[in-house]
Amino acid sequence: MNLTLKIWRQPDPDAEGAVHTYEVSEISEDMSFLEMLDVLNEDLNAKGEEPIAFDSDCREGICGMCSLMINGSAHGPDVTTTCQLHMRSFSDGETITIEPWRSEAFPVVKDLVVDRSSFDRVIQQGGYISANTGSAPEANSVPVGHDKATRAFNMATCIGCGACVASCPNGSASLFVGAKVTQLGLLPQGQPERDSRVVNMVAQADEEGFGGCTNIGECAAACPKEIPLDVISQLNKDLRTAIRHGY
Ligand code: SF4
Ligand code: FES
């Protein structure tokens with residue numbers, strides 16, 4: 001495949017960015033999107049030009065690092081992570097536009113790399129349980145029903161990629177926060193901090209500059225882990241309950 005790439009370049013957070021155009025050739029349809037960018041970077045390196053900065057780590061769809069807006073969609077045309085997107089999803093001769101995540105709470109560091117430490121600070125406010133250290137507890141001492149365990153596990157598959165935020169016109173992190181609050185709220189181990197968790201995580205998300213949810217649903221449509229929209233209902237329900245409890 002031969003492709004034209006229109007890529008956002010921005011040398012540092014304070015610089016004014018611009019879209020630059022590149023041509024790549026002999027791209028296999030079996031390559032991943034990131035491998036296609038590797039080919040471009042090898043070419044830029046060979047010419048003595050600055051390679052394009054982009055994030056990746058596992059390249060297996062599990063770490064959530066590979067954040068790219070591709071032709072205006074978070075992670076591109078398929079509902080998957082960018083590292084799991086293959087070039088067969090594009091056509092020979094196509095022009096592809098590649099931008100960093102769009103969100104004030106994820107400022108650009110360089111080119112296509114954004115700072116998602118705002119998610120880390122939201123997690124620090126409640127994305128955990130408190131447990132005694134020491135020897136492991138007896139495995140069957142806290143029974144959890146199969147339905148709850150399955151739903152908690154499914155919510156725990158959120159990889160913190162930020163596609164929900166990047167897709168939302170409000171830049172809301174409600175799907176991400178909802179997934180964490182729902183996961184921990186389903187389990188007995190999550191009950192002691194349930195009220196403080198939801199209040200503190202929502203407050204931190206507000207402080208970081210994430211917007212509010214207005215039920216548009218772009219987040220769930222873009223989520224590579226299929227986190228459902230109803231976690232936002234659970235988030236709001238838990239928040240109302242915590243406020244009723246005086247938090
Ligand atoms: S809810 Fe989905 S889109 Fe949002 S951070 Fe988690 S995995 Fe990514
Ligand atoms: S690089 Fe880890 S999910 Fe894509």
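Colleague: Where in the chain is N71 placed?

Modeller: Helices (H or I, at least four residues) and strands (E, at least two) are DSSP runs numbered from the N terminus. In those terms, N71 is in the loop between β3 (69-70) and β4 (73-74). This is a predicted model, in which local features need pLDDT of at least 70 and side-chain atom pairs count only at pLDDT 80 or more, while totals for chains, interfaces and linings use all residues. Residues are numbered from 1 along each chain as its sequence is written, and chains are lettered from A and ligands numbered from 1 in the order in which they are written.

Colleague: Is H75 buried or exposed?

Modeller: H75 lies in the loop between β4 and β5 (95-99), and its phi is positive, about 70°, although it is not a glycine. A residue is buried if 20 or more other C-beta atoms, placed from the backbone, lie within 10 Å of its own, exposed if 12 or fewer, and partly exposed in between. Because 25 other C-beta atoms are within 10 Å, H75 is buried.

Colleague: Which helix gives the largest share of the shell around ligand 1?

Modeller: The shell around ligand 1 has 14 residues (C-beta atom, placed from the backbone, within 6 Å of the ligand). At least two residues come from each of α4 (163-167) and α5 (174-185). The largest share, three residues, is that of α5.

Colleague: Which residues are closest to ligand 1?

Modeller: Ligand 1 is surrounded by 14 residues. The closest of these are C158, C161, A163, C164 and C223.
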